[in-house]
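Please look over the sequence and the model shown here before reading on. The paragraphs that follow are meant to be read with both in view.

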Amino acid sequence: RYLAAAGVEPGRLASFVGLAGPYDFLPLTDAALQRIFAADDMTATQPITFTDGSAPRALLLHGEDDQTVLPGNSRRLAAALEAAGNRVQLELYPDLDHVALVAALAGPLRWLAPVLDDVSAFLRATPPPAS
């Protein structure tokens with residue numbers, strides 16, 4: 001529904017890359033997060049709720065030391081996407097936290113992990129979307 005509201009047909013997406021996303025983080029126990037994500041239907045705030053066989057090819061990347069968004073979010077989304085019949089690749093990087101995952105994209109910090117190389121290889125191997 002979000003793509004439709006933006007005037008984008010889902011079939012136009014060839015792939016997506018997720019960097020340490022909060023895909024499946026219920027139940028919320030932190031009061032601040034409860035206020036931020038307040039909704040009548042909390043499952044509607046969870047991307048994992050919307051997994052079906054129609055998702056484009058996915059690359060999910062996560063640092064195993066991430067304490068901001070726990071790596072289980074990416075593990076569970078990858079499993080749900082795969083179970084629904086979607087193509088998904090999960091890359092977990094030891095010793096990277098939430099910030100270091102993104103920092104590893106920058107030239108001076110690429111030695112931290114091959115994040116940019118993995119994203120580039122994934123995108124190069126993705127066929128173009130249907131016309």
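Predicted model: local features only at pLDDT ≥ 70, side-chain atom pairs only at ≥ 80, totals over all residues.

Residues are numbered from 1 along each chain as its sequence is written, and side-chain values use heavy atoms, with hydrogens and water left out.

The sheet is open and is formed by 3 strands in the order β1-β2-β3, with parallel pairing; strands (E, at least two residues) and helices (H or I, at least four) are DSSP runs numbered from the N terminus, and two strands pair if DSSP finds at least two bridges between them. At the edges lie β1 (15-19) and β3 (88-93), each of which pairs on one side only. Neighbouring strands are turned against each other by 10° on average, direction ignored, where axes are lines fitted to C-alpha atoms, for helices over the stretch in contact, and angles run from 0 to 180 degrees between N-to-C directions. Between β2 and β3, which run parallel, there are 6 bridges, and L60 has L90 in β3 as its bridge partner.

Helix α3 (residues 72-83) packs on this sheet and touches β1, β2 and β3 (contact means heavy atoms within 4.5 Å), its direction making about 165° with that of β3. Helix α5 also packs on the sheet, touching β1, β2 and β3, and its direction makes about 175° with that of β2.

Which residues of α3 are buried? They are G72, N73, S74, L77, A78, A80 and L81, where buried means under 20% relative accessible area (1.4 Å probe, protein chains only), and these buried residues pack against β1, β2 and β3. Just after α3, G85 takes a positive phi of about 95°.

Leaving aside neighbours within four places in sequence, F122 is in contact with S15, F16, V17, R57, A58, L59 and Q89.

Definitions and conventions: Buried < 20%, exposed > 50% of the residue type's maximum accessible area, 1.4 Å probe, protein only.
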